[in-house]
Structures are given as C-alpha cells and as structure tokens.
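Me: Walk me through this one, please, feature by feature. I'd like the general idea first, then the case at hand.

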Amino acid sequence: MAAEPDVLEELRRLRARVADVTGALAATSDGLVLAHDTATIEPEGVAALTAAALGVSQSLADATSRGAFRELLVRGQNGYVATYAAGPQAVLTVLAGQRTNIGRLHMEARRSGARIADLVGGALARAEHHA
Amino acid sequence: MANTQTALKEAMTTIEGSLGVALVDYSSGMALGTVGGGKELDLTVAAAGNTDVVRAKVRTMEQLGLKDGIEDILITLDSQYHLIRLLKGRDSQGLFLYLALDKNRANLAMARHQLRKIEGDLEV
C-alpha cells in the first residue's frame with residue numbers, strides 16, 4: 001500500500017515519544033500487517049492475534065452497548081500490549097514495558113491511531129479511484 | 001476522612017486561585033480523579049506529563065544517592081504555580097496531588113499548607 005512509509009514513520013514517532021515502548025505495528029482489521037517497528041516479536045503473528053482480539057472486543061462492546069471499538073489494554077507480568085482503533089479499516093498495536101506511562105501512551109497512541117486512519121483511508125480512496 | 005472526589009473538591013474550593021486539581025497514580029500516569037481544569041488546562045495531559053516530572057526527580061535522587069523523600073515539587077510559570085505533592089500514607093504510596101494555581105490570586109504558602117492538610121484527610 002502507498003501509505004506504508006508514512007505509517008511506518010508514524011510508528012517510529014510514537015516509539016520515540018513514549019518511553020519504554022518496545023514495539024508498534026499497524027495492521028488491517030482482518031489481520032494483515034501494514035507496517036511494523038518491532039525488533040523482538042514476529043509481526044505477522046501479532047497482527048493475526050490482534051484481529052482475533054479485535055473481533056472478541058467488538059462483540060463484547062456490542063453485547064454491552066458500548067459502541068464502536070476504541071481500544072484494548074492487556075497488562076501482563078512483564079508489561080503491556082495495547083490495541084487502538086485506527087479508523088474502520090486498521091488498528092494500531094503497541095508493546096510497552098511495565099514501567100511505561102499509560103496515561104501518556106493513551107494520549108499519544110490515540111493521536112497516532114487517528115493519523116494512521118487518515119493515511120490508510122487516503123490510500124484506500126486513491127486505490128479505488130485508480131481501479 | 002474524605003474520599004478522593006470530596007478532597008479534590010475541597011482543594012478546588014478552599015485554596016484561593018485554584019485552576020484545577022488532580023490525584024494521579026505515577027506508576028501508570030493515570031488520574032484517579034480530577035476537579036476543575038478545562039480547555040486551557042487538560043488535567044489528563046497534566047497527569048501524564050507530571051508523572052514524567054515525578055519519575056525524573058525520583059530517578060535523579062537515586063542517581064545522586066540521596067536517601068530522602070520528596071515532599072513536594074513547585075513549578076513556577078509566568079502566570080501560574082503548579083504544585084505536586086507526593087502522598088506518604090501507607091495506602092497512597094505511588095500517588096501525587098497536582099494543583100494548578102493562578103499566580104495573581106494565589107498565596108503559595110497558604111496553598112502548600114492547605115494541600116498538606118487535604119492530604120492528611122484524604123482516604124484513597
């Protein structure tokens with residue numbers, strides 16, 4: 001996709017802005033990697049798991065009348081993995097250590113999610129225009 | 001004893017010149033409660049940002065080998081005071097009170113005194 005370098009740039013910016021973020025990836029809602037900035041994990045597997053978690057989260061939100069999916073935060077013993085909506089077609093998944101500032105992560109990742117939504121939406125619109 | 005929201009409201013109403021007040025968990029950077037603030041002072045942003053301030057100071061003291069506690073941190077702007085008070089109670093470790101004051105209306109000594117008293121009454 002044409003937006004890929006811009007999405008990668010956004011992921012790098014997010015990593016630079018929040019301390020203790022160890023990886024970030026953007027994926028389509030159905031689990032395909034758009035761009036990733038991760039050293040320690042395998043992005044395809046995480047994108048596929050993100051899509052699965054997204055499906056369950058959306059069902060849970062629907063069943064409890066919480067509306068469209070916005071974000072999901074998982075805290076493990078060694079840190080956090082968080083997924084943020086990036087428009088209707090994409091999601092942003094972020095890995096962070098246990099010392100990360102979650103307040104700041106939410107702030108920055110929501111902003112990044114919105115930017116990725118614009119980039120992906122724009123690229124899809126252009127692709128459809130050319131088709 | 002006062003719960004979080006009551007204590008924050010008390011700070012906002014009794015401390016002259018208060019613009020906003022928040023109780024923040026600096027292990028996560030999230031606010032447990034906020035009162036005041038608004039468009040000009042987003043207390044969620046302030047909670048996350050000042051968490052970095054507190055962590056930086058704690059780390060600096062460790063590196064300096066200072067075996068001491070932080071009572072409060074004062075940041076003086078052109079038109080405001082920002083006061084960060086670390087909570088010391090057994091159940092409130094890892095929390096701080098954040099208070100933004102209008103410099104023209106506030107009495108800093110009085111504000112510190114009142115904030116200390118509000119901390120004493122606060123039950124998290």
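Reply: Start with helices: they are DSSP runs of H or I with at least four residues, while strands are runs of E with at least two, both numbered from the N terminus. The expected span of a helix is 1.5 Å times one less than its number of residues. Helix H3 of chain B, residues 108-121, has 14 residues and reaches 20 Å from first C-alpha to last, close to the expected 20 Å. Housekeeping: this is a predicted model, where local features need pLDDT of at least 70 and side-chain atom pairs count only at pLDDT 80 or more, though totals for chains, interfaces and linings use all residues. Residues are numbered from 1 along each chain as its sequence is written, chains are lettered from A and ligands numbered from 1 in the order in which they are written, and side-chain values use heavy atoms, with hydrogens and water left out.

Me: Which residues of H3(B) are buried?

Reply: Buried means under 20% relative accessible area, exposed over 50%, and partly exposed in between (1.4 Å probe, protein chains only). In H3(B) the buried ones are B:Ala111, B:Gln114, B:Leu115, B:Ile118 and B:Glu119. They fall within an arc of 145 degrees seen down the axis, so they line one face of H3(B); the arc is taken from the directions from the helix axis to the C-beta atoms. Their cover includes helix H1 (4-14), strand E4 (80-86) and strand E5 (95-102) of chain B, where contact means heavy atoms within 4.5 Å.

Me: Now chain A. In what order do its elements run?

Reply: Chain A has three helices and five strands, and from the N terminus on they go α-β-β-α-β-β-β-α. Its radius of gyration is 14 Å, close to the 14 Å from the globule rule for 131 residues, so chain A is as compact as a globular protein of that length. That radius is taken over C-alpha atoms, and the rule is 2.2 Å times the number of residues to the power 0.38. The C-alpha trace of chain A spans about 45 × 35 × 25 Å along its principal axes, and 44% of the 131 residues count as buried. Among contacts in chain A with a separation of 6 or more, 49% come from residues 24 or more positions apart.

Me: How do I read the two sides of a helix?

Reply: An α-helix has 3.6 residues a turn, so residues three or four places apart point the same way. Take H2(A), residues 43-63: its 21 residues should span 30 Å, and the end C-alpha atoms are 30 Å apart, which agrees. The buried set is A:Pro43, A:Val46, A:Ala47, A:Thr50, A:Ala51, A:Leu54, A:Ser57 and A:Ala61. These cover an arc of only 145 degrees, which puts them on the same side of H2(A). The face turned away carries exposed A:Leu49, A:Val56, A:Leu60 and A:Ala63. Covering the buried residues are, among others, strands E1 (21-28), E2 (33-38), E3 (71-76), E4 (79-86) and E5 (90-97) of chain A.

Me: Which residues are buried in H1(A)?

Reply: A:Val7, A:Leu8, A:Glu10, A:Leu11 and A:Leu14. They fall within an arc of 155 degrees, so they line one face of H1(A), while A:Pro5 and A:Ala16 on the other side are exposed. Cover for the buried ones includes E1, E2, E5 and helix H3 (102-130) of chain A. From the strand side, look at A:Asp37 in E2 of chain A: at 15% relative accessibility it counts as buried. Leaving out residues up to four places away in sequence, A:Asp37 touches A:Leu8, A:Leu11, A:Arg12, A:Arg15, A:Gly23 and A:Ala24.

Me: How many residues does each chain put into the contact?

Reply: Eleven from chain B and eight from chain A. The size of an interface is often given as the accessible area lost when the parts come together. Here the chains bury about 740 Å² between them, 48% of it on carbon and sulfur atoms (area lost, 1.4 Å probe, summed over both parts). B:Met30, B:Ala48 and B:Arg55 supply 46% of what chain B buries against chain A, more than any other three residues.

Methods:
Buried area = accessible area lost by both parts, 1.4 Å probe.
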